[in-house]
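Please read the following report on charged side-chain pairs alongside the structure shown here.

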Amino acid sequence: MDVGAHIAASGAIANGKILEHVTHNLTNASTPGFKKRMIQLETVPFSLPRNSWAGSDSMAFVQLKPPVIHREQGVVEQTGRNLDLAIEGKGHFQASTPQGVRSVRNGRLRLTPDGTIVTKEGHPILDDQGNKIQVDHRERMEISENGEIREGERRIGRLMVVDEKGRPVLEEDYRVAQGHLETSNVNSLEEMVTVMEQLRNHESYLKLIKGFDDLESKTIQEMGRV
């Protein structure tokens, strides 16, 4: 295949990955606390031997860089539900999962029959000692801005709030809002516009690849007549 077709193919592959991430963002546009993922691209230049290309002897492939998480705060909305928690500012809750301890921003929590506070997926939320949190179904649970949990006069524990690397966040850098949820920071309209742009780009890449392929076939046919 012509080198130009290889370059166009690298662009098409990168374009497909962008579409995957945009689709993932759109799928999670209504997931509380979800943060938009963005793809970064870079060029990988290379040089062609002299006289092997009619134009410039310097060209570049497209290469994907690791995705970046856009950490802008989503809108914090009141729900009135006792187990809906939003973090305003920095930080994540921590949950115990089969894959180990994971940081979560989605504060739509629930209680198991034994009173354990868990995520929507059923993973126990951890306190600042790394333990599961259990409460009494019969008591109203109150959670303060610093994450302290109380039932009446009894202190149950305190939520563990950490940064993306699992390190504790300073109290002045966050606020836990009970009865609230943070919306996703995905702008669905912007993502849909990106989808349309990337689909047009993908079509252009495919046309380029076909054009190079047709040119190569024509060149081979002409050489065969010589």
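## Salt bridges in the predicted model

In this predicted model, the side chains of R154 and E151 meet in a salt bridge, with an N to O distance of 2.8 Å, the term denoting a side-chain nitrogen of Lys or Arg within 4 Å of a carboxyl oxygen of Asp or Glu. R154 is partly exposed at 47% relative accessibility, whereas E151 is buried at 4% relative accessible area; buried means under 20% relative accessible area, exposed over 50%, and partly exposed in between (1.4 Å probe, protein chains only).

Residues are numbered from 1 along each chain as its sequence is written, and side-chain values use heavy atoms, leaving out hydrogens and water. Because the model is predicted, local features need pLDDT of at least 70 and side-chain atom pairs count only at pLDDT 80 or more, while totals for chains, interfaces and linings use all residues.

The search of the whole structure finds 13 salt bridges, including the pairs tabulated here.

| Pair | N to O distance |
|---|---|
| R154 and E151 | 2.8 Å |
| D163 and R167 | 2.9 Å |
| E20 and K17 | 3.8 Å |
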